[in-house]
Amino acid sequence: MRTVRVYGTEKQEVKRYKHWLGKLADINLRQSAAYGFWNLCFNMLYHSTQVIAVLIGGMFIMRGNITAEQLTKFILYSEWLIYSTWWVGDNLSSLMQSVGASEKVFQLMDLMPSDQFMSKGKKLQRLMGRIDFVDVSFRYSSREMVPVLQHVNISVNPGEVVAIAGLSGSGKSTLVNLLLRLYEPTNGQILIDGFPIKEVDIKWLRGRIGFVGQEPKLFRMDISSNISYGCTRDIKQQDIEWAAKQAYAHDFIMSLPSGYETLVDDDLLSGGQKQRIAIARAILRDPTILILDEATSALDAESEHNIKGVLRAVRSDTMTRRTVLVIAHRLSTIQAADRIVVMDGGQIVEMGSHKELLRNEGLYARLTRRQADAVA
Ligand SMILES: Nc1ncnc2c1ncn2[C@@H]1O[C@H](COP(=O)(O)OP(=O)(O)OP(=O)(O)O)[C@@H](O)[C@H]1O
């Protein structure tokens, strides 16, 4: 609605709505006409059969060929027969619709769960957080012709903070999708603590990865429940507050009238605040691997502040050292990362620290200058 109002396209939308409404009315009209015609034909047949039966039957009675009782029986039986035939015909179409619908239900019931959940993988004794992408290439099945990742090799050490930078569409999110096993690499493999990810129990692994997407989803329940959502271990209110502090969310939550008990409503929180709650949710699960996908929306400045703060908190907390992957859209966010991986056209074109990459005068230096110019 907001988009329609902002672009002033109410008239076009009403026209589009009317157009589809007209098509629906047309279909309904034709359906009603066909049904009316079927009923008319049938009623004519039904009543004319009775008239003819009475006329011819009456002649036979007068000639003494049949009795009045026989004619009455004949008319009654033929009435039942005709009525039953009509009833079957009338219900046949809805019967066919039900058969079609139930076929779809059975097809869905017959679908096998993904291989990932069928095979019981390894549960490692302890996840250290090492990640290796070994010669990984990938194409989405819907666009087989387009290589999205090509021969990607990255090794991330346990506890390292690695940022992935690059132009839009260079394959940053796809890399994370593969790590979460939402897709399987077309070539190459991903290793977790040295074990092929395919051999690791998927549920176990996902339980140890915290992921905060660009547009995190919050549920209509209080902030505490939103933060503790999906956390299987026994947690207290102070754990929730600790996670909120790490995610730079505690102060704004406390400024709300009901604090942690505030009900999350669509309009209550800004995009950046929602993201901070989602980060707290991810941190509370104490993941060994934390993945942050920085928001690309207009809330970038706020998002940048969040991500910078979280990176600082993660690095300074030596008790909970975790591997962090940040997909960064604003390069100023990630200057403090241990390593920055720069992607272009599905390939890694540069890798190093912020200073090293600036010295290289490559894509990263160009992108940094471009963003600095845009801000100035
Ligand atoms: N589900 C999908 N099906 C088909 N192609 C996809 C799909 N998701 C992404 N792509 C394509 O894969 C390429 C890489 O996309 P990806 O989202 O990984 O890039 P990105 O670097 O994360 O971009 P951004 O910075 O805009 O988020 C793009 O060309 C995109 O159009």
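Me: What does buried mean here?
Reply: Buried means under 20% relative accessible area. The model is a predicted one.

Me: Why is strand S9 called largely enclosed?
Reply: Take residues 339-344, the six residues of S9. Five of them are buried. Each of those five therefore falls under the 20% cut-off. So S9 is largely enclosed by the rest of the structure.

Me: How do you know that S3 and S9 are paired?
Reply: Two strands pair if there are at least two bridges between them. Strand S3 (residues 161-166) and S9 have five bridges, and they run parallel. That meets the cut-off, so they pair. Across this pairing, Ile 164 stands opposite Val 341 in S9. Ala 165 stands opposite Val 342 in S9.

Me: What makes S9 and S10 a pair, and which way do they run?
Reply: Five bridges join S9 to strand S10 (residues 347-352). The definition asks for at least two, so this is a pair. The two strands run antiparallel. Val 341 has Met 351 in S10 as its bridge partner.

Me: What lies between S9 and S10 in their hairpin?
Reply: Two residues lie between the strands. Gly 345 sits in the turn, with a positive phi of about 55 degrees.

Me: What makes S6 and S10 edge strands?
Reply: The open sheet has six strands in the order S6-S7-S8-S3-S9-S10, and its pairing is mixed. S6 (209-212) and S10 each pair on one side only. From one strand to the next, the twist averages 15 degrees.

Me: Why is helix H5 called largely enclosed?
Reply: H5 covers residues 172-179, and seven of its eight residues are buried. So the rest of the structure largely encloses this helix. Among the buried residues are Lys 172, Thr 174 and Leu 175. Just after H5, Arg 181 takes a positive phi of about 60 degrees.

Me: Which residues are closest to the ligand?
Reply: They are Ser 168, Gly 169, Lys 172, Ser 173 and Thr 174. In total, 15 residues surround the ligand. By class, this shell has four nonpolar, nine polar and two charged residues.

Definitions and conventions
Residues numbered from 1 in each chain as written. Predicted model: local features only at pLDDT ≥ 70, side-chain atom pairs only at ≥ 80, totals over all residues. Heavy atoms only, no water. Buried < 20%, exposed > 50% of the residue type's maximum accessible area, 1.4 Å probe, protein only. Helix = DSSP H or I, 4+ residues; strand = E, 2+ residues; numbered from the N terminus. Near = heavy atom within 4 Å. Nonpolar A, V, L, I, M, F, W, Y, C, P; charged D, E, K, R; others polar. Axes fitted to C-alpha atoms, helices over the stretch in contact; angles between N-to-C directions.
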